[in-house]
Amino acid sequence: MATKGENDKIALSEKQIQDLKAAFTTGSLDQLTKHLQDAFSSLENISLNVAVVGESGEDRANFINMFRDLCEEDEGAALTRKTEAHKTAVAYPHPKYPKVILWDLPDVGNPGFSAKRYVEKMEVASYDFFLIIASHHFRSFHAKLAHYVKKAGKGYYFVRSKVEADLESVRQSNPSSFNEVVTLQKIREDCLQDLQAEKVRSPKIFLISSILLSKYDFYLLEETLEQNLDLPKSQSFLLATPNSSHRILEKKKDMMLEHLWLVAVVACGIRTEAIPDISVVCNVDLLVRTMRGYCISFGLEEESLRRTAEHVVQPIEQLKALVRCPLAHAVNKALVVELLIQAASRAPNLPKQLVPMASVGLSFAVVYSMLKTFVEDVATNAHRLLVKVFMSHKGTSEPETLVSKVLENQGHS
């Protein structure tokens, strides 16, 4: 966990500092705020459309539900049981981020299937990328589908699902010689050979569990999308991604910290109100909404905790006892004002280039410091909950060193 001094330090890029310095000096903070408000609003309104394709509706539904952290019994979940195949794409918006939509496309590989006609009918251009899912072998129609998706200028990724079932089958057949790493590598090589035989060059293959996203290659899929999508869409995908690994939690935290200066400037420039007892003016309502969003993204709200409690088969009260920061519903104006007063008492450190404008920048410095402390705090609590999940589910693809580091940082032995 960051120390007090680290939390109070305001880390800005040189361009950010120069923009603020110019605004503070010329009194054009209103103009800068309007520009940044547009940027801030755009971050909240990024749409992402993910096409999920495969021959089995069950495989697609499992992935869609896992990504959206839903069980089939939950409202809005995709049906995993066998039903009549649909002939058009079905939209499944993310419950927390409705502009992130997973689209369940019709079955592929049926008799008479034509990848070319399928791609034309499905209007490929309307999707940001394709996840091509198979639970056993990748076949020629998977490869042909990838070919036409690529020809249409869209990215695609091969997802091999139900990996845990294959591992268990091999384990039961060869209990004395079973090696999970070797078995996973064999599955990966078989997938690679299947696709290369169909002339797919350098296919990107990700092994996924149909039970728990923290296992195997999901984090690699997230990292690959981060590299291949444009920045706003990759951040949108990251925010919607379940908190299934310590890596993902750290990436969410880093992304939020990167945007803190923008939030702080906007909060200090529009519809501001004076905070009693301290020389700070800011938009408290905006801060309440933003901080609730942080909690929701980290799973620190009632509905997420309920689902986590079901996963670990424990009373929700036990999980709440692990959380030492406010849940989303508890973030209100009174709490934000209290946190701002605490931040002001710590005398936040402005970058040296802004010290001459300290009287103008005090509100910015206090808001920035408060937000940074809050993000660090909610991230730490999210890690603590995830450790509980790790302890409940044996086995994970995350290296033990990473889990141990997080445990150490949180004071666990």
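How many helices and strands does the secondary structure of the chain come to? The count is 18 helices and eight strands, where helices (H or I, at least four residues) and strands (E, at least two) are DSSP runs, numbered from the N terminus. The model is a predicted one, so to speak of local features a pLDDT of at least 70 is needed, side-chain atom pairs count only at pLDDT 80 or more, and totals for chains, interfaces and linings use all residues. Residues are numbered from 1 along each chain as its sequence is written, and side-chain values use heavy atoms, with hydrogens and water left out.

Start with the chain as a whole. Of its 413 residues, 50% count as buried; buried means under 20% relative accessible area, exposed means over 50%, and partly exposed is in between, with a 1.4 Å probe and protein chains only. Now take the contacts (heavy atoms within 4.5 Å) in the chain with a separation of 6 or more: residues 24 or more positions apart account for 70% of them.

Next come the strands. Two strands pair if DSSP finds at least two bridges between them. Strand E1 (residues 48–54) runs parallel to E3, and five bridges join the two. In this pairing Ala51 sits opposite Trp103 of E3. E1 also pairs with E4 in the parallel sense, again over five bridges, and here Val53 stands opposite Ile132 in E4.

Strand E3 (residues 100–104) has four of its five residues buried, so the rest of the structure largely encloses it. Strand E2 (residues 90–93) pairs with E3 too, but in the antiparallel sense, over four bridges. Two of the facing residues can be picked out: Pro93 stands opposite Ile101 in E3, and Ala91 has Trp103 in E3 as its bridge partner. Getting from E2 to E3 takes a hairpin of six residues.

Strand E4 (129–134) is covered as well. Six of its six residues are buried, so E4 is largely enclosed by the rest of the structure. Both of its faces are covered: Phe129, Leu131 and Ile133 are buried on one side, and Phe130, Ile132 and Ala134 are buried on the other. E4 goes on to pair with E5 in the parallel sense over six bridges, with Leu131 opposite Tyr157 in E5.

On to the helices. In helix H9 (residues 218–228), the buried residues include Phe218, Tyr219, Leu221, Glu222, Thr224 and Leu225. The buried residues of H9 pack against H4, strand E4, strand E5 (155–160), strand E6 (205–207), H10 and H11. An α-helix has 3.6 residues a turn, so residues three or four places apart point the same way.

Helix H11 (residues 246–258) can be checked for length. The expected span of a helix is 1.5 Å times one less than its number of residues. For the 13 residues of H11 this gives 18 Å, and the end C-alpha atoms are 18 Å apart, which agrees. Among the buried residues of H11 are His246, Ile248, Leu249 and Lys252, and Lys253, Met255, Met256 and Leu257 are buried too.

Helix H13 holds Asp285. This residue has 45% relative accessibility, so Asp285 counts as partly exposed. Asp285 and Ala267 are 18 residues apart in sequence, and their C-alpha atoms are 8.8 Å apart in space.

Grid points are joined across faces, edges and corners, and a volume is the space filled by probe spheres set on the points.

The largest pocket holds about 820 Å³ of space. Its lining has 41 residues, and Met66, Asp69, Leu212, Pro242 and His311 lie nearest its centre. The elements that give two or more residues to this lining are helix H4 (57–67), helix H10 (231–240), helix H13 (284–297), helix H14 (302–312) and helix H17 (358–392). By class, the pocket lining has 20 nonpolar, 15 polar and six charged residues. Here Ala, Val, Leu, Ile, Met, Phe, Trp, Tyr, Cys and Pro count as nonpolar, Asp, Glu, Lys and Arg as charged, and the others, Gly among them, as polar.

There is one cavity of 30 Å³ or more. The largest cavity holds about 40 Å³ of space, and H4 gives the largest share of its lining, four residues.

Definitions and conventions: On a 1 Å grid over the protein atoms alone, a cavity is a set of points where a 1.4 Å probe fits but cannot get out, and a pocket is an open set with protein on both sides within 12 Å along at least five of seven lines; lining residues have an atom within 4 Å of a point.
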